[in-house]
Amino acid sequence: MAPSSVLSLSGLCHWAAWLFLLYLLYKASTLYLRWQELRRVFSAFPGPERHWLYGNAHEFKGDGTDMDVMEGFAKQYEYGYPLWIGSFYASLMVGHPEYAKAILTRQDPKDLTYRFLVPWIGKGLLVLSGPKWFQHRKLLTPAFHYDVLKPYIGLMSDCTNTMLDTWEKLVPDQKPLELFHYVSLMTLDSIMKCAFSYESNCQKDSENEYIKAVYELSHLAEYRSRCYPYHNSIIFYLSPHGWRFRRALKIAHEHTSNVIKQRKEALKQVTELEKVKQRRHLDFLDILLYAKDENGQGLSDEDLQAEVDTFMFEGHDTTASGISWTLYCMAKYPEHQEKCREEIREVLGERNTVEWEDLGKMPYTTMCVKESMRLYPPVPGVARELSQPITFCDGRSLPKGTNVILNIFSINRNPDMWEDPEVFDPLRFSPDNPIKKHAYSFIPFSAGSRNCIGQNFAMHEMKVAVALTLQRFELTPDLDKDKEPLKAVLIVLRSLNGIHVNLRKLQSKS
């Protein structure tokens with residue numbers, strides 16, 4: 001090699017080394033400035049002592065005690081406290097209804113909770129903001145009118161009975177039953193029948209490719225949210241987990257596209273929803289396909305797919321969590337279980353199907369469902385990025401762009417709002433209860449303009465599932481200490497070791 005070439009190569013290496021050093025200095029100074037800014041932003045908010053490297057992350061072991069750790073912090077710091085993940089990322093963890101009200105009543109918040117699900121669910125109602133969110137919300141609201149929801153009750157009953165028939169075959173084994181697996185398949189079956197008039201048969205064929213893809217996507221998105229290096233998209237997509245995610249994504253999106261395509265073909269000759277209604281019940285997909293705003297603008301194909309995938313995600317795992325924890329509470333508190341059963345038998349008699357008119361005749365069962373959701377909210381936390389500065393009731397402020405986490409689990413158990421908050425007491429929700437609660441002290445479906453659009457759908461399904469279960473079975477807790485549920489936030493509130501109960505088949509009363 002010629003000497004000039006050697007010198008040239010040496011010079012390039014020299015400059016590359018300098019550029020790399022400058023890049024490192026730039027990154028280091030950026031991180032230092034970010035650390036200083038976060039310290040300034042949260043200076044008025046005392047919080048738990050943090051490690052110089054881990055922040056507060058080392059407090060959370062992932063062993064089922066994390067919710068207890070956060071509950072302890074919430075009691076120590078009344079309104080909210082900064083939670084540090086490492087040295088350069090922090091959020092205000094909010095545990096008081098007044099702070100929740102200030103955040104949830106402000107317009108256009110950016111929800112960060114489901115950002116790792118966006119490749120799957122797209123930019124639907126869950127993650128949209130601004131005028132497009134408002135347009136979608138307005139177009140989707142008719143899909144949750146009671147006239148649309150009414151026919152769903154029979155379908156929910158059928159899906160619940162399919163699950164209970166399976167349980168009945170397992171009762172002779174006299175082994176504790178893990179609830180969440182079966183309930184999740186049931187709610188998935190239910191939402192596909194109700195919202196898309198689609199027969200999945202998933203309760204009998206859980207090996208169905210689409211069903212497996214839905215579970216894979218939920219699991220991997222949740223795992224990515226907990227694995228900090230996977231927050232980087234390049235690292236995640238180059239990893240084996242990223243490969244699995246893309247494979248499941250392809251299956252899920254192809255299924256959704258086919259369902260939408262088939263429905264469009266079926267509706268080609270039908271120009272009005274009323275004509276569809278004459279043939280069969282309207283479903284969520286019908287409403288989406290016919291939805292038009294005041295300018296005659298409907299949803300694009302991309303928007304349609306996003307809303308269908310969003311509703312698939314939102315409508316089954318969250319409801320499965322609510323049903324599973326309610327049945328766990330019924331097993332744990334037999335006196336309330338028996339009161340519900342008496343009420344249910346009075347309403348249903350020997351019928352094994354719930355009807356629309358029955359839902360309003362189960363006040364005690366409804367109170368028990370609400371009290372279960374107070375103690376075990378299906379979505380225990382929601383993360384937001386403030387779209388504008390905010391000043392709270394105590395005068396403390398946060399600037400635009402600050403991350404906040406609404407700790408719904410702690411808000412629902414706030415001792416300033418609830419007497420004996422750890423006690424299961426359905427009468428808290430009795431219409432005759434004279435105690436006036438703070439409007440934001442019970443927010444299992446969030447609150448404000450971005451509250452859960454499907455909350456009536458979810459409440460109906462929970463009541464149907466609980467009523468039919470208690471009509472057919474007596475539930476008792478699994479007394480094995482190793483089976484005590486270990487609460488964990490796996491997108492929804494679940495248990496690391498499952499939710500186990502014992503079942504005893506009841507004799508029908510003629």
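Mentor: A residue is called buried under 20% relative accessible area, exposed over 50%, and partly exposed in between, with a 1.4 Å probe and protein chains only. By that scale Leu22 is partly exposed, because its relative accessible area is 49%. This is a predicted model, in which local features need pLDDT of at least 70 and side-chain atom pairs pLDDT 80 or more, while totals for chains, interfaces and linings use all residues. Residues are numbered from 1 along each chain as its sequence is written, and side-chain values use heavy atoms, without hydrogens and water.

Leu22 belongs to helix α1, which spans residues 3–41 (helices are DSSP runs of H or I with at least four residues, numbered from the N terminus). Together with Trp15, Trp18, Leu19, Leu21 and Leu25, Leu22 makes a nonpolar surface patch of about 690 Å² (patch members have over 30% relative accessible area and no salt bridge, and nonpolar side chains are joined within 5 Å; a salt bridge puts a Lys or Arg side-chain nitrogen within 4 Å of an Asp or Glu carboxyl oxygen).

For contrast, turn to two serines in loops. Ser197 sits between α8 (179–196) and α9 (209–226), and has a positive phi of about 50 degrees although it is not a glycine. Most residues other than glycine have a negative phi. Ser197 counts as partly exposed because its relative accessibility is 36%. Ser446, in the loop between α17 (408–411) and α18 (455–472), also has a positive phi, of about 65 degrees, but Ser446 is buried, because its relative accessible area is 17%.

Note on methods
Patches are made of residues with over 30% relative accessible area and no salt bridge: like charges are joined within 9 Å, nonpolar side chains (Val, Leu, Ile, Met, Phe, Trp, Tyr) within 5 Å. Accessible areas come from the Shrake-Rupley method with a 1.4 Å probe; for residues, only the protein chains shown count as cover.
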